[in-house]
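User: I have a model open and would like to learn how to read it, one feature at a time. Could you walk me through it?

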Amino acid sequence: MALVVQPNDWGKKVKAIAKGDTAASDRALAYQESWTRFLEAVHDRKLGWTTSTKGSPQDWQSLPAGTNGMSYTCTFGRSGLSSEIFFQDPDPAAASRRRSNMSRV
């Protein structure tokens, strides 16, 4: 497993939508509609992953991991739909242990 860090262009998207960039607004609405359908499917299957019902207007949808300091994110990218795991524990040692444990999987 390779950990990858990518630039966050969320701020650019928000500014574009605020300025009335129609293409950005249409894209945001399409993302939100897609993620809302995704969340509906999660709820219909009673997977219990999230209580969220409104999709994100971004190219990503965050989901809880069921443990503090971790989350999952599904993203639309150039290669299609993908999933990412984020280690967000404020204790660097805990985050490091989790990364080490993941590399053994």
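User: Let's start with Gly55: which residues is Gly55 in contact with, once its neighbours within four places in sequence are left aside?

Analyst: Gly55 touches Gln32, Trp35, Thr36, Leu39 and Gln61. Keep in mind that this is a predicted model. Gly55 sits in the loop between H2 and S1. Its C-alpha atom is 9.6 Å from that of Leu29, although the two residues are 26 apart along the chain.

User: Is Gly55 buried or exposed?

Analyst: Gly55 counts as buried because its relative accessibility is 4%, and the cut-off for buried is under 20%. Across the chain, buried residues account for 25% of the 105 residues.

User: What about the nonpolar side chains? Which residues make up the largest nonpolar core?

Analyst: The general idea is that nonpolar side chains tend to be buried together in soluble globular proteins. Here the largest nonpolar core has five residues: Tyr31, Trp35, Leu39, Leu63 and Cys74. H2 gives the largest share of this core, three residues.

User: Which residues does Tyr31 contact, leaving aside its neighbours within four places in sequence?

Analyst: For Tyr31 the list is Ser56, Pro57, Gln58, Asp59 and Phe76.

User: Now the sheet, please. What is the order of its strands?

Analyst: As a general point, strands of a sheet pair through backbone hydrogen bonds, and the pairing can be parallel or antiparallel. In this model the sheet is open, its three strands run in the order S1-S2-S3, and the pairing is antiparallel. Strand S1 (60–64) and strand S3 (80–87) are the edge strands, each pairing on one side only. On average, neighbouring strands of this sheet are turned by 20° against each other, direction ignored.

User: How many bridges join S2 and S3?

Analyst: Strand S2 (residues 70–77) pairs with S3 in the antiparallel sense over eight bridges. The two strands form a hairpin, with two residues between them. To follow the pairing on your screen, find Gly77, which stands opposite Gly80 in S3. Then find Met70, whose bridge partner in S3 is Phe87.

User: And charged pairs? How many salt bridges does the count come to?

Analyst: The count is one salt bridge. Glu33 forms it with Arg37, and their closest N and O atoms are 2.9 Å apart, where the cut-off is 4 Å.

User: Why are Glu33 and Arg37 about one helical turn apart?

Analyst: Glu33 and Arg37 are separated by about one helical turn because they lie four residues apart in helix H2 (residues 22–44). As for accessibility, Glu33 is partly exposed, with a relative accessible area of 49%, and Arg37 is also partly exposed, at 47%.

User: Let's step back to the whole chain. What pattern does the chain follow along the sequence?

Analyst: The pattern is α-α-β-β-β-α, from three helices and three strands. Another way to read a fold is through its contacts: of those between residues at least 6 apart in sequence, 28% join residues at least 24 apart.

Key
Residues numbered from 1 in each chain as written. Predicted model: local features only at pLDDT ≥ 70, side-chain atom pairs only at ≥ 80, totals over all residues. Heavy atoms only, no water. Salt bridge = Lys/Arg side-chain N within 4 Å of Asp/Glu carboxyl O. Buried < 20%, exposed > 50% of the residue type's maximum accessible area, 1.4 Å probe, protein only. Pairing = 2+ DSSP bridges. Axes fitted to C-alpha atoms, helices over the stretch in contact; angles between N-to-C directions. Core = buried A, V, L, I, M, F, W, Y, C linked by side-chain atoms within 4.5 Å. Contact = heavy atoms within 4.5 Å.
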